[in-house]
Amino acid sequence: MDLRYSPEEERFRHELREWLGQVLPTLPAKPAADDWPARRSYDTAWQRLLHEAGYAGINWPTDYGGRGATPTEHLIFLEESERAGAPYVGVNFVGLLHAGPTLIAEGTDEQRARHLPPILRGDEVWCQGFSEPGAGSDLASLRTRAVRDGEDYVVTGHKLWTSYATVADYCELLVRTDADAPKHKGITWLILAMDTPGLDVRPLKTVLGSSEFSEVYFDDVRIPVGNRVGEENDGWRVTMVTLSFERGTAWVDQIVDSARLVDDLVTIAKKVTRHGGAAWDDRGLRRDVGHLAAEFDALWALTKRGVSEASATGVPGVSASVLKLRYTEARQRLMDLGARVLDRAGLSRTDIGGLAGGEFTEERINSLSYTIAAGTSQIQRNIVGERILGLPRER
Amino acid sequence: MDFLPTADQLELQRGVRSLLDARFPLERLAAVAAAEPRQTAGYDETLWQALTETGVFALRTDLELGLAEAALVFEELGRAVVPGPLVGTFLSASRGAGAVTVLETQALPLLVAHLDVADAVLLFDESEVRWATGVVGETVASPLDPLTPLTEVAEVPAGRVIATGGAATRMRLEGAVLTAALQVGLATRLTELAVDYAKTREQFGRPIGSFQAVKHLCADMFVRTELARVAVHAAAVTLDDPTAEGAERAGSGAKLLADEAAVTNGRSAVQVHGGMGFTWEVPVHFLLKRAWVHATEFGTADDHAEDLALLL
Ligand SMILES: Cc1cc2nc3c(=O)[nH]c(=O)nc-3n(C[C@H](O)[C@H](O)[C@H](O)COP(=O)(O)OP(=O)(O)OC[C@H]3O[C@@H](n4cnc5c(N)ncnc54)[C@H](O)[C@@H]3O)c2cc1C
């Protein structure tokens with residue numbers, strides 16, 4: 001059990017820090033949160049800079065244009081980027097962390113050559129068309145149908161919650177190709193170009209009032225058979241393969257960010273007045289803050305445990321579900337604590353009353369999704385109970 | 001950076017586990033609790049001897065290992081619910097005494113655990129640690145944990161100063177981290193007990209562990225334990241590294257998360273066992289009562305939460 005970094009790891013950190021120090025001051029101002037075309041330009045411009053500096057696809061194998069960094073270097077990359085205030089992966093999320101790795105593992109040479117370089121360069125943005133109105137937690141029950149017609153699949157159906165769909169070039173799409181097979185055995189993974197005729201993308205307003213995700217309607221959309229990744233009806237396995245790319249680094253940036261927010265919260269609490277003294281004079285509040293700080297410290301340690309496990313075995317082990325459950329709930333509690341300190345100043349999504357509170361309020365709303373997206377907390381508890389503890393399934 | 005336990009560390013931990021599984025299975029707890037005289041209940045001379053011979057208390061002094069290894073071993077001692085003045089004895093390994101217990105002079109009333117079997121008492125003051133022998137007091141008639149006999153001492157004994165300033169702070173912190181490791185061990189065993197019961201007990205024609213209300217209780221027990229475990233490991237490793245910063249913060253975080261894991265898991269384990277969980281026969285209550293005792297040692301979760309906040 002060693003938390004110290006090796007000289008090579010320290011050198012990697014140092015070089016990255018220098019580079020971030022040079023390049024970040026040259027970035028334009030961040031675009032407005034609900035201006036998605038501007039966000040695409042901003043996020044992809046950052047991806048191009050990463051690419052030129054050799055940091056694109058940090059965890060991708062070098063054979064496919066990635067940096068081939070170790071899990072620990074990946075951790076350092078995310079930690080340093082967050083501390084320096086670098087842009088987040090943003091609209092490049094699906095391409096870099098999901099579709100790209102899937103193509104590396106399961107795509108043909110042609111598919112890889114066609115898509116991997118532009119994803120790394122920030123020229124190609126992807127979205128994920130998995131969930132449907134009737135298929136959320138029970139993803140394998142999806143019903144969007146694809147029927148083979150010559151050299152095309154003809155797709156009809158309805159996808160929901162497709163993040164970045166309005167600005168994406170491609171979509172990783174799960175369709176049903178065999179309606180009679182057991183639900184996991186009739187699914188196929190397709191590459192969909194978002195400018196294909198018959199697609200109708202309708203932005204959905206989120207609780208933030210903006211449109212991160214959309215509904216996507218398919219009306220006889222023709223997708224070439226050559227866009228299939230893996231075999232027909234083998235799409236569920238193809239989807240699961242991507243999970244092996246997860247190397248314990250899922251929440252690094254946000255855990256680092258949470259530690260900063262705890263410090264900011266203390267600063268605000270020392271400044272605001274409550275009941276004739278500073279809010280920080282309230283012992284109950286201090287204890288709650290101390291408790292949350294302990295939890296984020298432990299989540300950081302758990303991240304390092306997962307990364308170490310990924311280095312040793314290739315997968316982060318049991319820490320992934322543990323991390324998702326505890327991190328998402330801790331983050332929500334942090335924002336509630338922020339609201340407690342801010343009181344009425346927490347009613348504005350931009351800073352008000354001379355307090356840097358807007359961020360807490362905005363994230364208080366945004367973090368509502370954390371316990372839902374990417375496997376709800378209830379589903380995570382099922383996973384821990386059944387796959388880790390070996391408890392019997394319900395049915 | 002490699003935060004996984006090394007092969008040697010795992011072997012050490014496995015060794016202690018198999019020793020304890022053989023010598024001190026949970027089924028023995030009830031018998032040990034019933035032993036007379038009550039003042040020495042829980043102290044098992046031959047087990048203590050075996051632990052001493054294995055080097056459990058002398059890991060640092062004789063085996064040149066660190067607090068990291070000690071934490072792994074103390075997890076096992078907690079998991080087996082081993083009674084006795086474990087932490088005080090470990091912290092006194094270099095002093096050539098046998099069993100050594102602890103008195104925290106700031107915490108009232110002044111209660112010493114296992115005084116009748118201890119050769120000496122470590123007195124933890126606000127700023128120093130002292131060494132006292134010949135401490136006497138009145139036996140508490142009905143201690144919460146039948147395996148942790150308590151003596152109430154009328155006044156703070158005198159004693160010889162053995163640590164001040166940074167050294168005293170460090171000793172207190174080590175005590176907190178080792179106690180936290182015991183709590184992680186308890187939390188681990190409580191999860192095992194609940195999960196085993198949930199797999200075998202059937203109601204409505206199926207194992208109760210298939211009901212989500214029960215399954216999710218178990219999942220949360222596991223999650224809580226793993227988070228506390230890494231917090232304890234991180235604190236131990238930080239204390240072992242003279243160049244590392246943040247030992248106090250890490251130690252406080254470890255103790256508060258471990259207290260919470262052990263105590264909350266104790267309640268959950270009782271709940272999962274239903275009526276059986278309220279019986280003396282099922283060992284769960286021994287673990288919960290021990291967790292309640294440790295939660296008052298080397299700072300409560302509230303104390304540590306506040307200490308940590310003041311470090312921010
Ligand atoms: C911000 C955001 C972005 C997203 N982006 C994408 C995207 O880009 N692409 C995409 O494909 N999807 C995306 N999703 C969808 C996401 O994966 C689903 O919302 C999620 O899987 C839950 O499905 P659902 O919304 O249908 O809820 P449901 O599955 O209907 O769940 C409703 C409630 O029932 C509970 N529940 C359901 N099943 C069980 C069970 N077996 N046991 C116990 N409780 C259960 C759930 O925990 C939840 O509380 C996104 C979601 C959000 C919030």
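Student: How far apart do the C-alpha centres of domain 1 of chain A and domain 3 of chain A lie?

Tutor: The C-alpha centres of these two domains of chain A lie 23 Å apart. The model is a predicted one, in which local features need pLDDT of at least 70, side-chain atom pairs count only at pLDDT 80 or more, and totals for chains, interfaces and linings use all residues. Residues are numbered from 1 along each chain as its sequence is written, chains are lettered from A and ligands numbered from 1 in the order in which they are written, and side-chain values use heavy atoms, with hydrogens and water left out.

Chain A is divided into domain 1 (7-88), domain 2 (126-233) and domain 3 (246-388), with bounds that come from an automatic or database domain assignment. Twelve residues of domain 1 of chain A are in contact with twelve residues of domain 3 of chain A, where contact means heavy atoms within 4.5 Å.

The second largest pocket belongs to this region. Because domain 1 and domain 3 of chain A both contribute residues to its lining, the pocket lies between them. Its volume is about 1,200 Å³. On a 1 Å grid over the protein atoms alone, a cavity is a set of points where a 1.4 Å probe fits but cannot get out, whereas a pocket is an open set with protein on both sides within 12 Å along at least five of seven lines; lining residues have an atom within 4 Å of a point. Grid points are joined across faces, edges and corners, and a volume is the space filled by probe spheres set on the points.

Of the 39 lining residues, A:Leu3, A:Trp300, A:Lys304, B:Thr238 and B:Glu245 are the closest to the centre of the pocket. Two or more residues each come from helix 3 (71-83), helix 7 (252-271) and helix 8 (283-313) of chain A, and from helix 4 (67-79), helix 7 (212-240) and helix 8 (247-273) of chain B. Helices (H or I, at least four residues) and strands (E, at least two) are DSSP runs, numbered from the N terminus. Helix 8 of chain A gives the most to this lining, with seven residues. By class, the lining has 20 nonpolar, five polar and 14 charged residues; Ala, Val, Leu, Ile, Met, Phe, Trp, Tyr, Cys and Pro count as nonpolar, Asp, Glu, Lys and Arg as charged, and the others, Gly among them, as polar.

Chain B also holds an open sheet of four strands in the order 1-3-4-7, with mixed pairing; two strands pair if DSSP finds at least two bridges between them. Strand 1 (100-104) and strand 7 (160-164) of chain B are at the edges with a single partner strand each, so one side of each has no neighbour in the sheet. Neighbouring strands are turned by 25 degrees against each other on average, direction ignored. Strand 3 (residues 120-124) and strand 4 (residues 128-132) of chain B are antiparallel, paired over four bridges, and B:Val121 has B:Ala132 of strand 4 as its bridge partner. Helix 6 (residues 165-200) of chain B packs on the sheet, touching strand 1, strand 3, strand 4 and strand 7 of chain B, and its direction makes about 90 degrees with that of strand 7. Axes are lines fitted to C-alpha atoms, for helices over the stretch in contact, and angles run from 0 to 180 degrees between N-to-C directions.

A second open sheet of chain B has three strands in the order 2-6-5, with antiparallel pairing. Its edge strands, strand 2 (111-113) and strand 5 (138-139) of chain B, each pair on one side only. Two bridges join strand 5 to strand 6 (residues 150-152) of chain B, and B:Glu138 stands opposite B:Glu152 of strand 6. In the loop between strand 1 and strand 2 of chain B lies B:Pro109; the peptide bond from B:Leu108 to B:Pro109 is cis, with omega near -5 degrees.
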